[in-house]
2 protein chains.
Amino acid sequence: MIIACLDLEGVLVPEIWINVSEQTGVKELRLTTRDISNYDKLMKHRIKILRENNIKLNDIKNVINKMVPLSGAVDFYNKLKENFQVIILSDTYYQFAMPLMKQLNYPTLFCHNLMTDSNDYIIDYKLRITESKKESVLKLKELNFLVIAAGDSYNDIAMLKAADKGILFKPPENVIKEYPQFTITNDYNGLFDEFIRSKELLKEF
Amino acid sequence: MIIACLDLEGVLVPEIWINVSEQTGVKELRLTTRDISNYDKLMKHRIKILRENNIKLNDIKNVINKMVPLSGAVDFYNKLKENFQVIILSDTYYQFAMPLMKQLNYPTLFCHNLMTDSNDYIIDYKLRITESKKESVLKLKELNFLVIAAGDSYNDIAMLKAADKGILFKPPENVIKEYPQFTITNDYNGLFDEFIRSKELLKEF
């Protein structure tokens, strides 16, 4: 009775804001928590930039509609869901993710919401819960599930730590150095094999 | 940010034990909690009957492999998952459910496990958690999701009560009389419409 929790961006689909930045030509939308570490400040900045450039939610959706999952992601996800109950844990927004979820045939996704005004401009964001990824893993464990989680970067670490087994997928060098406790995988075959291997190990307990 | 929780047997797929009883010709496997109200006694009785009739897990799986979801269930589920994050909450066992899950393209399912011996006879069952359906709804609510739940019978009532909105699907007459607080639906169009209507109502809060 194992749940596989997967990060979305960087694991199954490309980074959404980076794509939006590239497709709209607005370079400032590329900023991440590496540039503005306070997430609330970063999001408010993004919302301001979007408004200044007259970019509405629907314009962003049009960009996202052209995005596709990472090469191999659909096959990986299809194989994973035959072997585990899969839940995607992401800090993105349903309004952004759903066109990509369609291409994965609508996995169960836990993420957040954006608020728009009557003119379709994004005016605010609503985090469903703080530390959503970690909290979701903890609640699943309280339901007596074993949890194997995979993510690619800093915002996944709390989730990986909370899980019974944490796996890094194509992590940046600094994450590898800082968190040597997590198994590192660099392609979908490796990630899938590590899920299966972890399942067998967890079953022994 | 709404989760749709669906019961499995009677809502998306036929009753599994009844099918196993019919296909194996072992009438006693038809007994339900209406006949033996104590679930543990019922399961131990079922396991005893299976052993006496030399029915192994794989024999049951062969029966279940021939089962199909209820007419219209696949279309209903596909439409529902475009509009909600769907989780199936069931008191069945993964070993039974997975062939049917395949036909629904592997929705996320929370249920229980069977234990077999080295000869593939079922020797015990393991409830992941007591009151699994209700507890799952409560944990999802603790993650700040709104929950709309649908089920067909007594074992769904605690889940429907715990949810922000509970819907009955083709319930028996005694359930209708005993729980007049839940909306009753009798076909998939009605059930889908009620999910959408409930979503709109919940959004207003």
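In helix α1 (residues 16-24) of chain B, the buried residues are B:I16, B:W17, B:N19, B:V20 and B:S21, where buried means under 20% relative accessible area, exposed over 50% and partly exposed in between (1.4 Å probe, protein chains only). This is a predicted model, in which local features need pLDDT of at least 70 and side-chain atom pairs count only at pLDDT 80 or more, whereas totals for chains, interfaces and linings use all residues. Residues are numbered from 1 along each chain as its sequence is written, chains are lettered from A in the order in which they are written, and side-chain values use heavy atoms, with hydrogens and water left out. Helices (H or I, at least four residues) and strands (E, at least two) are DSSP runs numbered from the N terminus.

**Surroundings of α1 in chain B**

- The buried residues of α1(B) pack against α2 (39-52), α3 (57-65), β2 (85-93) and α5 (94-103) of chain B, a contact being heavy atoms within 4.5 Å.
- Just after α1(B) comes B:G25, which takes a positive phi of about 75°.

**The sheet of chain B**

- Seven strands of chain B form an open sheet with mixed pairing, in the order β4-β3-β2-β1-β5-β6-β7, two strands being paired if DSSP finds at least two bridges between them.
- Because β4 (122-126) and β7 (183-185) of chain B stand at the edges with a single partner strand each, one side of each is left without a neighbour in the sheet.
- From one strand to the next, the twist averages 25°.
- Strands β5 (residues 146-151) and β6 (residues 165-169) of chain B run parallel and are joined by four bridges, with B:I148 standing opposite B:K165 in β6(B).
- Three bridges join β2(B) to β3(B), which also run parallel, and the bridge partner of B:I88 in β3(B) is B:L109.
- Strand β3 (residues 109-116) of chain B has six of its eight residues buried, so it is largely enclosed by the rest of the structure.

**Helix packing in chain A**

- The axes of α3 (residues 57-66) and α5 (residues 94-103) of chain A come within 9 Å and cross at roughly 25°; axes are lines fitted to C-alpha atoms, for helices over the stretch in contact, and angles run from 0 to 180 degrees between N-to-C directions.
- α3(A) and α5(A) are therefore roughly parallel to each other, since angles under 35 degrees count as roughly parallel, over 145 as roughly antiparallel, 65 to 115 as roughly perpendicular and the rest as oblique.
- This contact is made by A:L57, A:I60, A:K61, A:I64 and A:N65 of α3(A) together with A:Q95, A:F96, A:P99 and A:L100 of α5(A).
- Helices α4 (residues 73-83) and α9 (residues 188-203) of chain A pack at an angle of about 10° with their axes 10 Å apart, and are therefore roughly parallel to each other.

**Positive phi in chain A**

- A:E131, which lies in the loop between β4 (122-126) and α6 (132-142) of chain A, is a residue other than glycine with a positive phi near 50°.
- At 47% relative accessibility, A:E131 counts as partly exposed.

**Relation of the two chains**

- Chain A is superposed on chain B by a rotation of 180° with 0.0 Å of shift along its axis (RMSD 0.0 Å), using least squares on the C-alpha atoms of residues with pLDDT of at least 70 in both.
- The two copies are thus related as by a two-fold rotation axis.
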